[in-house]
Amino acid sequence: MRSTPTEPIRRSTLAVDFESEATATTTVIRPKSGWPDLGLGEAWRHRELIWVFAARDVRIRYKQRAVGMGWVVLQPLLTMAIFSVLFGRLMKVPTDGIPYPLFALCGLVCWTFFVHTTTKSTITLAASRDLLTKVRFPRLAIPFGALVGGLVDLVIGLLLLVAALAWFGTGVGWQILAAPLALMLLIATTIAASLPLSALNVRFRDVENALPFVMQVMLFLSPVAYPATMIPDAWRWLYAANPMSTVISSMRFALLGDEAALHPSWIVSVAVAVIGCWAGILFFRREEENFADAI
Amino acid sequence: MRSEDPVIEARGLAKRYVRDRGPAVDSMGLHHLIGEIFGMPLRAARRAWSPTNREGAGDGAETFWALEDISFDLRAGETLGVIGKNGAGKSVLLKILARITPPTRGTATVRGRIGAMLEVSAGFHYELTGRENVFLSGAILGMSQREIAVRLDRIIEFAEIADAIDTPVKRYSSGMAARLAFSVAAHLDAEIMLVDEVLAVGDAGFRQKCLDAMRGIARSGRSIVFVSHELDMLERLCDRAILIDHGRIRADGPPGELLDIHRNDLRPASSDGSSR
């Protein structure tokens, strides 16, 4: 560039050291056409930004809150208590022989992560108008940031679950090896739901209005308060089209040894989650070029 | 990369938007209003899914070209002022160069990293402290956390808010927040800086400091594309200018001459009065 050794560089008042040769890159800006790639490489290069977004969300959650961290623990615990009284005591829902509070908490921890992350991602993206219209950064960092922020809560929830297991004196067996697989399916399902919904919400803010209702329906279609074994066998395959059913059932198998929960229809859930994850990222990537204009 | 290659080569950049025709609700009768509301999802879907910025698409909808045909070269170390009335297409041009929105037609070849200062406080969150916001905003603008840590002291010093750096930004005056936001963005390490109307922060003293900072960036061999309605500032900073009118370049040359043309345009007789 202009600064050659014979021409001494005058220090700017900002005193930023500047080495142009080391970072010379050429970019061609042109109209977008066709389907984009998944952009996961770009997202990975900006993983620090994902982390920064996650840290922002976690920090903000504890600013100017009296109970702060306690909400993450209180919410599943209180829901567990209500479910235990309503479904466990009064309605006597069968639980494959597992104490009802444990049974419910296991489902609630997975379910809470799914709902909170999807909702957070959907609302945050459309609320980031200034960022989307004024700053260039990988858009995937916003939903992935919400996901990582949600993982913090998930870990706390799982610790709560471990404490509950100890409280009830339930030990875990070799089945615990299935837990990482169940968690991977949970994350894939969450990505499959949150990315397309977030992108769609930029165009149609109806998505965030409809989301609480849709999630309510999904809660009934997932074995959170009741066991999947209550579903007639012939319907299990259709039931498994909601991957959260397999997530919760396999977590119950992994942590509570609930073998009855397993069903060969898990393959449907995995297929839906993996294809949904892939299609969801592609859809988001296709939509993101229009975010600045559509929001 | 040859040193004589321009850092930006813009060729026929154009951008089309679909004009949103919101119904004039207050001037309609109730039955019209109900029809509008129930017809809304259909029309919204039709409008939203017609890709607005692809060539040959969006037929039938009312469209307009925010940019029609912009071509220019920016050489390394050059400070280019972009002038024009409100709505002439200046900001759209910067958004295309910053890759915030794609062009409908045309290309731009960019050699080097682009740092955009379009709205410096966009990444700020008022609940976080000044220090936390420096790291957040810096990361969004494209700096690594390490780079920010290295520059933190200079960023704080430049913004003149050392005492308040661990106070939540919501307790700042708007001037303090703007100074900090500007300071973060000004420490971006990019070969090409796009600057849109962000020097108008703080008091006269700080504005002079911003101007000096921009001059420092220009002197360090970096290139700047600068949009401002503050014509005096623009004249002092830039060594070349382009005048944009209705999405096209009307004149390209020394800032002094172009500013005369522009000031002439802004006289009440020929102006719509919307420009400063």
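A:V28 has B:T109 as its bridge partner in β4(B). This is a predicted model: local features need pLDDT of at least 70, side-chain atom pairs count only at pLDDT 80 or more, and totals for chains, interfaces and linings use all residues. Residues are numbered from 1 along each chain as written, chains are lettered from A in the order written, and side-chain values use heavy atoms, without hydrogens or water.

**Strand pairing**
- β1(A) and strand β4 (residues 105–111) of chain B run antiparallel, joined by 4 bridges.
- Strands (E, at least two residues) and helices (H or I, at least four) are DSSP runs, numbered from the N terminus.
- Two strands pair if DSSP finds at least two bridges between them.

**Extent of the interface**
- Chain A gives 52 residues to the contact and chain B gives 68 residues; contact means heavy atoms within 4.5 Å.
- About 5300 Å² is buried between chain A and chain B, 59% of it on carbon and sulfur atoms.
- Buried area is the accessible area (1.4 Å probe) that two parts lose on being put together, summed over both.

- The rule finds 2 salt bridges across the interface of chain A and chain B (side-chain nitrogen of Lys or Arg within 4 Å of a carboxyl oxygen of Asp or Glu).
- B:K15 forms a salt bridge with A:D293, with the closest N and O atoms 2.8 Å apart.

**Chain A side**
- Elements giving two or more residues to the side of chain A that touches chain B include β1 (26–29), α7 (179–203) and α12 (291–294) of chain A.
- α2(A) supplies the largest share of that side, 7 residues.
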